[in-house]
Amino acid sequence: MPLQQGSARVRQRTVLLLGIVVLLAALVLAVVLASLLTHGRHEDGPKMLKWKDRGTTKNLQEVVLGRCYNYITAQHPELGDKDCLKIWESLKDAFIYKNPCNITPEDYQPLMELASHPIPCNKSLFWSKTGDLVHRYTKSNQNFLTLEDTLLGYMADRISWCGDPSAPGINYESCPKRNECESNPSSVFWKMASKMFAEAACGVVQVMLNGSVEAGAFRSSSIFGSVEIFNLNPDKVSEVHIWLMQDIGGPQSESCSGHSIQRLISILEERNFKIICEDNYRPVQLLQCVHNPDHTDCRLCTNST
Amino acid sequence: KWKGEGTTQNLESIVIGRCYDYIRIVNPSVGEKNCSQIWEAFKNAFINKDPCSILPEDYELFINLTFHTIPPNKSLFWENNQLLVNSFADRGRRYMSLGDTLFGFVGDFLNWCGQADSPGLDYESCPTTTECENNAVESFWRMLSIIYAKHSSGVIHVLLNGSAAGGAYPQPGFFADYEIPNLQKDKISQIVIWVVDDIEGPDIDSCGAHSVKTLETRLTALGYDVTCTDNDK
């Protein structure tokens with residue numbers, strides 16, 4: 001009798017256990033399915049366009065605002081009337097929620113107007129393929145200003161930005177490269193800012209070109225060659241001084257008598273500018289020599305007083 | 001009220017902006033930092049206090065939050081030649097001067113002070129070091145100079161101005177009073193001094209002469225391997 005009762009209880013327990021196992025399995029399955037489904041939804045998620053260049057700089061607002069205040073407060077107090085918040089808003093409005101291949105100069109017009117300021121005559125310094133050297137020079141000699149030493153250029157230097165039609169309107173993952181589409185936020189910005197920088201120049205202007213570049217010191221495809229030289233105003237600008245810098249100990253691909261320089265000179269002369277070209281302009285070369293003191297080109301003059 | 005310029009306008013935006021500029025663009029290798037927290041630590045060092053009672057140690061939390069190592073052989077000390085140092089150091093790529101560290105970068109060229117019994121910054125005026133030594137800006141740079149010297153290693157470089165009136169090696173001065181005493185002898189292999197005159201400037205001081213000789217003697221007596229070069233080309 002007890003055996004029969006025992007085996008019935010065992011059967012009951014087995015059924016109970018099986019039931020629990022089945023319930024647990026069903027629960028686990030449900031959880032797995034749920035997570036797969038939501039994960040899948042996340043992958044479809046924000047439908048931002050994907051590009052080949054780096055995305056918008058993180059903390060763009062803080063960086064741009066900080067640079068604006070830094071420029072007008074700590075460096076150029078004569079620009080004290082500039083409203084940095086408005087300037088930031090106008091930059092943001094230029095690209096936020098827009099397709100980054102559809103940017104136009106009109107998008108940047110409010111920003112350009114708010115942030116532009118006059119440039120003293122004889123101080124404009126243009127450059128092409130000499131970015132490092134030219135900015136080291138203006139850092140140590142504040143008699144010259146490149147575009148990146150003006151408020152607009154200073155705020156935008158080395159950062160990137162682009163928008164996207166879907167929320168939050170700014171793409172931090174990627175931005176279009178120039179070869180993906182020309183009307184991207186960065187290219188349109190720099191083209192416009194360069195045009196205005198050239199238009200604002202007066203008196204004697206300077207340009208630092210690279211005589212160690214194989215493709216030639218002056219290129220029609222560069223911003224200098226395609227935008228800036230054509231926006232210099234002959235009524236305001238009297239002379240253009242070319243500083244042709246070769247790398248110390250580097251290839252001497254071109255000098256003032258070179259082909260591309262001759263082409264540049266003829267374009268400028270046609271627009272009635274007087275041109276002076278100097279190979280390895282000494283004050284800039286001295287800066288290059290700081291890092292190559294033992295090179296023969298860096299010997300001090302032996303017959304100086 | 002005080003003889004010095006007041007706090008720089010928009011100080012908070014400038015400091016926070018520079019902090020992000022540094023970690024995102026200038027030197028992302030220092031990693032992620034909380035720039036709002038850094039601003040708070042900076043501000044709390046000097047607000048609500050008598051502006052003549054700020055000590056270097058008050059900036060300790062700020063230093064803890066902004067600290068990063070200085071690569072060996074990259075330290076560049078200097079006196080009286082900030083523009084030259086900036087272009088020489090090449091924005092931290094060739095050398096890392098104090099102004100190229102995160103902690104120095106956020107405060108460079110700025111001015112600030114607070115007032116007792118008020119959380120506000122004083123935009124009207126701030127005490128000069130002549131009025132009182134323990135002011136917010138002076139203590140900031142003293143603290144940073146100490147930290148910078150303590151964490152410098154390998155070959156260290158010193159850039160002095162041979163055209164400076166009063167001598168290339170100023171005493172008192174930050175290098176003399178806060179940096180040399182905090183150099184870690186066991187971490188430093190050599191001290192290289194460069195004396196550079198202003199272009200077309202007077203040649204007032206040079207290696208082996210006047211104040212530079214004083215510096216060379218002091219460093220040699222401390223046991224350092226010292227070399228000195230004039231008019232670095």
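At 31% relative accessibility, Arg158(A) counts as partly exposed, in a model that is predicted rather than experimental. Arg158(A) sits in the loop that runs between α6 and β3 of chain A. Most residues other than glycine have a negative phi, and most peptide bonds are trans. Asn59(A), likewise not a glycine, has a positive phi of about 60 degrees. This residue, Asn59(A), belongs to the loop between β1 (53-54) and α2 (60-75) of chain A.

In chain A, the bond from Ala167(A) to Pro168(A) is cis, with omega near 0 degrees. Pro168(A) is placed in the loop between α6 (151-156) and β3. In chain B, Gln171(B) and Pro172(B) are joined by a cis peptide bond, where omega is about 0 degrees. Here the proline, Pro172(B), lies in the loop between β5 (154-161) and α7 (174-179) of chain B.

Strand β3 of chain A covers residues 174-175 and includes Ser174(A). With a relative accessible area of 7%, Ser174(A) falls under the 20% limit and is therefore buried. A polar atom of the Ser174(A) side chain lies 2.8 Å from the backbone nitrogen of Trp51(A). Trp51(A) is also one of the contacts of Ser174(A) beyond its neighbours within four places in sequence; the others are Leu49(A), Lys50(A), Asp53(A), Arg54(A), Gly55(A) and Cys162(A).

Turning to chain B as a whole, its secondary structure consists of eight helices and seven strands. The radius of gyration of chain B is 18 Å, close to the 17 Å given by the globule rule for 233 residues, so the chain is as compact as a globular protein of that length. Its C-alpha trace spans about 50 × 40 × 35 Å along the principal axes. Of the 233 residues in chain B, 56% are buried. Among contacts between residues at least 6 apart in sequence, 77% link residues at least 24 apart.

Notes:
Residues numbered from 1 in each chain as written. Chains lettered and ligands numbered in written order. Predicted model: local features only at pLDDT ≥ 70, side-chain atom pairs only at ≥ 80, totals over all residues. Heavy atoms only, no water. Helix = DSSP H or I, 4+ residues; strand = E, 2+ residues; numbered from the N terminus. Rg over C-alpha atoms; globule rule 2.2 N^0.38 Å. Buried < 20%, exposed > 50% of the residue type's maximum accessible area, 1.4 Å probe, protein only. Contact = heavy atoms within 4.5 Å. Polar contact = N/O pair within 3.5 Å; in protein donor to acceptor, adjacent residues only side chain to side chain.
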